[in-house]
Amino acid sequence: MGAAEAAAVLGAALLLAGTVGPLLRLPSGAALALQAAGISLAGVAGAAVLCGVAPLGSGFQDGLEPALGVDGLSGFFLATIALVALPALAYGREYLRGAPRERWLVALGGLFLLALGGVVAARDAAVFLAAWELMTLAPAAAILVRRSDAEVRHVVFVYLAVTHLGGTGVWIAMLALAHYGALADPGALAGQGAAVQTLVIVGALIGFGTKAGLMPLHAWLPRAHPVAPSNFSALMSGVMVKVAIYGLVRVLFEWAAPVPLWVGLALLAAGLLSAFGGVLFALVQRDLKRLLAFSSIENVGIVALALGAALVFLWEGDRTWAGIAFAAALLHVLNHAVFKSLLFLAAGSFERAVGSLDLDRLGGLLRRMPWTGAGFLLGAAAIAGVPPLNGFVSEWLTLQALVHVAFGPALGTGLAGGVAAAGLAATAALALFCFAKATGLVLLGSPRRPEVGGAVEPGRAMRLAPVALAGGCVALAAVPGLLVPALAKLAPGAPTVAGGAALALPGTGSLPSPWLLLGIVGLTALAWRLRGGRRAAPVPAWACGQRVEPALGWTSAGFTKPLVLVLGALLRPRREVEVTRTAGIVESVTYRGEIPHRFDTHLYRPLRDRALAGAALVRRIQSGSVRAYAAYLLALVLTMLVLLRVGAIG
Amino acid sequence: MTAVAALVQVLGGLALAPLLPGAVQSLKARLQGRRGPSPLQPYRNLRRLWGKSAVDPQPTTIVYRLAPCLVAAATAPALLLVPIAGRAPDWSLGNDALVLVGLLALGRFALAAASWDTGSGFALMGSARDLTFAVFAEPLLLLTLLLAALPAASTDLVAMSAAAGGAAPWGEPAHWCGAAAFALVVLVETGRQPIDNPDTHLELTMIHEGPLLEYAGRDLALLEWSGAARHWIVLVLAAELFGPHWGGFWAQLGWLGLGLAVLCAALAVTETAQAKMRILRVPGLLAGGCALALVGLASALVGGLV
């Protein structure tokens with residue numbers, strides 16, 4: 001047993017001990033420390049495999065004997081899980097302290113990590129599906145342990161209903177793959193004809209797509225993420241949706257490969273819809289956690305765009321660019337895991353300090369909570385995709401992949417690439433808009449409510465976790481030259497991509513992100529010196545001579561108004577103004593505005609109503625009368641006999 | 001010759017850039033029958049601002065004070081990405097067109113954050129509009145760059161500039177579509193009529209000026225220089241990617257100078273002839289540009305340009 005294998009096994013054992021511990025009266029702090037040690041050992045083992053150590057454990061098997069193992073792709077996802085889990089566990093130690101049923105929350109957190117690791121380390125269908133279901137149930141249980149009022153129960157019901165309905169696709173795909181022996185031998189599915197392959201692909205797209213939050217299968221995501229405890233939200237948004245991406249990658253690039261062209265185009269379409277739609281709805285949210293949840297949909301869309309581009313390149317036979325697009329998808333998975341968990345953890349601290357996450361009731365928190373605030377600011381800049389941070393690096397790679405799809409030569413794929421690239425550019429501009437708004441409303445200006453003025457920093461652990469993740473955002477921005485060649489190696493055919501610090505990819509002008517980072521920081525410092533520390537006159541901001549009061553402050557709705565007006569046909573905002581007059585004098589004006597989530601009103605509600613109506617229809621058969629049931633049986637037997645007679649069965 | 005290109009990049013970007021908006025303003029005044037300011041007026045403004053003390057609106061944080069430095073620091077590397085007469089020295093920043101798009105976005109983010117920091121309604125109104133336009137301007141910029149990148153099959157600006165040289169590109173409908181769409185990019189990125197009015201003193205109509213309203217002294221000087229440098233970047237890009245250019249380095253340098261002069265004149269004429277558009281109609285115009293660029297892409301793919 002090599003060192004990496006020993007680390008993985010020990011890590012799993014420690015994680016298990018940390019999960020069971022709290023139920024056996026182990027103190028929560030010790031249990032969390034065990035979990036942290038376990039997941040970091042597993043992450044180190046995963047990173048070692050990614051860097052070239054031989055795969056651990058067994059390979060994929062089609063039987064039902066449980067098997068576990070780690071190869072490069074699993075290793076990458078294990079390392080990502082560990083990278084997010086460590087700060088989240090440190091944060092959780094303080095965040096959960098004194099919470100009702102703290103032990104249960106700690107144990108469920110450990111179970112969640114075990115399930116996440118289990119999915120990526122599973123080497124047979126049974127373990128995969130078991131871990132998959134646990135991964136869905138653990139956060140649901142954690143949400144209910146924390147709060148169990150009617151609203152939250154409804155949210156959890158929707159979460160479980162949607163993910164399980166969609167999740168049947170995962171079951172169908174995995175069981176079909178195991179049945180045809182395609183897990184162990186990826187070529188096996190090709191011999192089964194197009195129908196079976198299509199079944200597996202559609203099942204995987206729907207099943208994994210639902211869990212990843214791809215539009216239009218995302219209904220659960222913006223509901224469930226905001227109600228979870230913040231350390232769980234960080235893991236759900238940062239890692240759980242990525243594990244669904246892992247499943248999608250395994251099916252489309254390995255088990256069902258080579259896939260036909262329509263799969264790549266379908267992923268491009270779903271990715272574009274998710275990226276653009278996700279960020280558009282994120283922009284018009286008023287609750288910070290809901291905004292972050294919608295932004296996760298956007299980022300999953302970006303990952304799907306890159307994967308779609310990789311599939312198109314594979315179909316065209318361009319292995320190098322397929323590898324680059326594949327690396328772009330994985331790099332964005334990692335980057336998004338880091339900055340989204342940072343933003344969720346910081347949001348948890350803000351909520352604890354202020355008592356609300358209504359964007360119009362915050363403001364001025366950078367001054368009051370400098371550590372958390374600075375972390376949030378950096379994370380927002382990274383997710384907005386501005387250079388030189390890590391979000392820009394993976395978005396640049398994705399955009400390059402789409403631009404190279406647009407280079408053709410076929411008209412259909414070329415145009416699809418062009419439209420997707422333009423859509424991604426619009427998405428990036430919207431994300432910048434969205435996070436400029438979030439940063440401004442949360443951190444900058446003066447407090448919009450008196451209670452915000454008294455906000456103070458949380459304790460050390462809750463302060464350090466976002467700061468450490470912000471350091472991760474900067475570090476990841478500096479080393480894509482190391483990561484991209486290693487990640488491209490995981491793509492089909494293991495193409496060799498030239499890396500180097502400057503990331504000089506063929507057909508691009510190169511992205512020398514370390515130099516850009518140094519250049520921008522250095523030039524900012526230079527400009528700061530030139531500007532000098534001159535005495536500046538303190539004055540109020542200009543408002544035509546009026547005093548700038550909190551009541552005059554801009555709101556979330558005000559800032560996004562121009563865009564909402566321009567995209568009115570798409571967003572259909574609802575607006576109600578009520579003016580109460582007494583004897584011609586205006587007594588009061590009430591204003592209510594909202595932007596309904598049109599997927600809910602136009603897609604899910606009709607579907608749900610139809611389903612309930614159908615259920616009511618079927619319920620009539622269940623009359624409760626024994627005679628009716630006997631008649632059904634008789635009818636069934638008669639039908640079978642008739643069918644047998646005419647030779648339709650048997 | 002690469003050294004000359006480097007010199008033009010640095011000196012041109014730092015020193016010549018303010019001449020472009022100055023020339024446009026001066027020419028516009030002539031066209032309108034006024035005497036107007038000299039083309040050197042932006043330099044005088046910068047000198048005046050450099051000597052003035054700053055103003056610190058209350059309550060602001062370091063975000064507000066750092067924003068002008070960050071905007072300037074994002075613009076300066078962008079200058080070094082753009083090749084001059086088809087040559088670009090190796091600053092180890094690469095020459096990628098999409099990195100340029102990102103650097104321009106960084107400045108926008110910094111200014112939007114600074115607007116929120118002041119809490120001033122006018123600043124926020126300007127940045128909200130600027131960000132709204134960007135949602136349509138960014139895909140337009142990307143698609144035009146994509147069209148320019150098609151013949152070279154690369155987003156390297158040096159290769160793109162080389163592929164746009166000579167007479168051959170003008171036989172392609174894609175090149176014409178790209179040039180027409182890039183004209184819109186020039187208008188929106190330089191903040192000129194009919195999209196924005198750089199001369200306005202009415203806060204309610206400001207777009208690019210709005211977020212600068214609170215700044216004074218050297219902060220404002222940095223921002224004004226960045227605005228001028230943005231003119232330089234976009235106009236040089238227009239001349240290099242969509243302007244005619246032939247021959248060796250010196251001939252191409254001449255073409256670049258001529259291109260810049262023609263573009264400045266065209267901006268002045270447009271500003272004179274065209275009134276400002278309703279703000280809500282601008283996105284439609286930009287979306288039309290995107291559609292035109294997509295038509296160009298389709299024609300290039302059908303014609304087998306790549």
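Mentor: The C-alpha centres of domain 1 and domain 2 of chain A lie 47 Å apart. Residues are numbered from 1 along each chain as written, chains are lettered from A and ligands numbered from 1 in written order. The model is predicted: local features need pLDDT of at least 70, side-chain atom pairs count only at pLDDT 80 or more, and totals for chains, interfaces and linings use all residues.

Trainee: What are the bounds of domain 1 and domain 2 of chain A?
Mentor: Domain 1 covers 260-495 and domain 2 covers 600-646. Such bounds come from an automatic or database domain assignment.

Trainee: Why is B:A148 called buried?
Mentor: Buried means 20 or more other C-beta atoms within 10 Å of a residue's own; 12 or fewer means exposed, anything in between partly exposed, with C-beta atoms placed from the backbone. B:A148 has 26 within 10 Å, so it is buried. B:A148 sits in helix α6 (residues 121-149) of chain B. Helices are DSSP runs of H or I, at least four residues; strands are E runs, at least two; both are numbered from the N terminus.

Trainee: What does B:A148 touch, not counting residues up to four places away in sequence?
Mentor: B:M160, B:A164, B:G178, B:L241 and B:F242. Contact means C-beta atoms, placed from the backbone, within 7 Å.

Trainee: How many residues of chain B are in contact with chain A?
Mentor: 74 residues of chain B meet 72 of chain A. On the chain B side, α6(B) gives the most, with 15 residues.

Trainee: What makes β3 of chain A and β1(B) a pair?
Mentor: Two strands pair if DSSP finds at least two bridges between them. Strand β3 (residues 536-540) of chain A and β1(B) have five bridges and run parallel. A:A536 stands opposite B:A54.

Trainee: In which sense do β4(A) and β5(A) pair?
Mentor: Antiparallel, over nine bridges. A:T582 has A:I585 as its bridge partner. Two residues lie between the strands of this hairpin, and A:A583 takes a positive phi near 50 degrees.

Trainee: How do you know what span is expected for α14(A)?
Mentor: The expected span is 1.5 Å times one less than the number of residues. For the 14 residues of α14(A) that gives 20 Å, and the helix reaches 20 Å from its first C-alpha to its last. A:G385 follows α14(A), with a positive phi near 75 degrees.

Methods:
Contact = placed C-beta atoms within 7 Å.
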